[in-house]
Amino acid sequence: MTRFTKITASIGPSSEGNAMLRQMILGGVNVFRINFSHDTGDVQGKKIDSIRRLSRELGVPVGVMVDLQGPKHRIGNFAGEEKYPISPGQTFTFDSNPEPGNSARVNMPDADVIASLKVGERILLNDGKIEMQVTDVAPNEVKAKVVRGTEIWSRRGFNVPDTDIKTGALTKKDRADLEYALTKNPDWVAVSFVQRPEDIAEVRDFITARTSAPIKIMAKIERQNAVQRIAEIASAADGVMIARGDLAVELPYEQVPAISRKIIRECRRLNRPVVMATQMLGSMVESEFPTRAEISDVANAAYLRVDSTMTSEETTIGAHPLKVIETMDKILSYSDMDAIEHSNDWVRAENAPENDWSRSVSSMAHLNHAMAIIVFARDTDSVTSVSCRRPDVPIIAVCDNNLIANQLCILRGVIPIYTPDLFALRDFNTVAKIAEIKSGKIVVVDGDEVSLRDLD
């Protein structure tokens, strides 16, 4: 195995056909992201069916992540003109009036946002290109001073980075989407615009009320208050996605790399997989080749030892989705090997206890020059713990449950194998052969038992 960092690929019009999905799996995709911000449930359901069918045909576990839209906020429509001029210093009003807007006011459909905003807080529109500061609040309207921006138009998305919005994690649309998605047995559910650990609890309660399957929850970190409560949110969730797009709007963009490192460290400490997302190969939406900066960005994710990198527009609407996957695979493969060769951090996780058993497993593999760690995985916990120690050898996870195998696809360095017979027999020699390991030592983990074995 030459690539430890996994690839999560978003699928859309450019990549949803069976032939392309097959090529993307063979090209290196480990997890597919289904974005419920677009298309209806039945359309998305057919994509999930196709992925499951291809996974069975190819004999390769492939994860499916359903991504809920969340409370994406947009202003209302304007009258007549496509764009209206605004100027710094002027007063602009956001209100509950559904009438079309003009250069002095517009509808803000989200009553919960109007109720939550306070004087002095910012409203950022159009990915931060427009900035306003609240000067006055009333039950049905908010007045703000324009700080930056020269024109405004219909249905622009907005962020309120200083505001704790008093609303739940699941919108009406999210509930309908998740209700449908659960009938398709997803492996992961990504929750957008998480603000607090209670948001994760709300989604988990919704899921457990409808299925007994242990579906994993991914918290998308894209709001300032989520960064401030990252330890609590990561503890409540099963994994974390660093959604750098909205994060760079909510926070000064120069802080995002440092914040990303902090989130990665916290996830390792808490044994949570972490996904790096947004614009990793953005120029390849049109180009066949990445920029030098994008190559460094993808490589840096490997050096930071994230579990997975993620594509967005590059593989949903891009002209070269397969080329994107092949490019990401090449960069990660080379960078992973370089990171391992020059690593002095092969088992350390910040604040991890010295007697942590998964640290001992990784140490045993490293000190004995083992070729791999084989885990007979009854659930995802043991494999996740070992993976978060970032050992310098692959972790082969043998599963007798297809859901567990699919969920493990997102973990760094993990090769999931869904083979109930091998799981029952504990035949580590055959497992090693499947992984093309022909000789040497291996570390075997079976429940609480850890042993060093020589391959026959």
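1. Lysine 6 is buried in this predicted model, with a relative accessible area of 3%. The residue belongs to strand 1, which spans residues 6-10. A charged side chain in this position deserves a look at what surrounds lysine 6, which is in contact with Asn30, Asp307, Ser308, Thr309, Leu332, Leu408, Cys409, Ile410, Leu411, Gly413 and Val414, leaving aside neighbours within four places in sequence.

2. What lies 3.1 Å from a polar atom of the lysine 6 side chain? The backbone oxygen of leucine 411 does.

3. The largest nonpolar core holds 65 residues. Those touching the most other members are Phe32, Ile51, Leu178, Val203, Ile207, Ile221 and Ile263. Helix 12 (residues 321-341) supplies the largest share of this core, 6 residues. For leucine 178, the residues touched are Leu68, Val189, Val203, Phe206 and Ile207, when residues up to four places away in sequence are not counted. In soluble globular proteins, nonpolar side chains tend to be buried together.

4. There is also a second, separate core, of 30 residues. Val31, Ala277, Met310 and Val414 are among its members.

5. How many cavities of 30 Å³ or more does the model contain? The count comes to 2. The largest cavity has a volume of about 130 Å³. Its lining consists of 13 residues, and Pro71, His73, Phe158, Phe193 and Arg223 are the closest to its centre. Strand 11 (158-159) and helix 8 (244-250) are the elements that give two or more residues to this lining. By class, the lining has 5 nonpolar, 4 polar and 4 charged residues.

6. Phenylalanine 193, one of the lining residues closest to the centre of the largest cavity, has a positive phi of about 55° although it is not a glycine. The residue sits in the loop between strand 12 (188-191) and helix 5 (197-208). Phenylalanine 193 counts as buried because its relative accessibility is 12%, under the 20% cut-off.

7. Arginine 155 is not a glycine either, and has a positive phi of about 60°. Its place is in the loop between strand 10 (151-153) and strand 11. Is arginine 155 buried, partly exposed or exposed? At 40% relative accessibility, arginine 155 counts as partly exposed, since this value falls between the cut-offs of 20% and 50%.

How values were computed: Residues numbered from 1 in each chain as written. Predicted model: local features only at pLDDT ≥ 70, side-chain atom pairs only at ≥ 80, totals over all residues. Heavy atoms only, no water. Core = buried A, V, L, I, M, F, W, Y, C linked by side-chain atoms within 4.5 Å. Buried < 20%, exposed > 50% of the residue type's maximum accessible area, 1.4 Å probe, protein only. Helix = DSSP H or I, 4+ residues; strand = E, 2+ residues; numbered from the N terminus. Contact = heavy atoms within 4.5 Å. Polar contact = N/O pair within 3.5 Å; in protein donor to acceptor, adjacent residues only side chain to side chain. 1 Å grid on protein atoms, 1.4 Å probe; cavity = no way out; pocket = protein on both sides within 12 Å on 5 of 7 lines; lining within 4 Å. Points joined across faces, edges and corners; volume = space filled by probe spheres on them.
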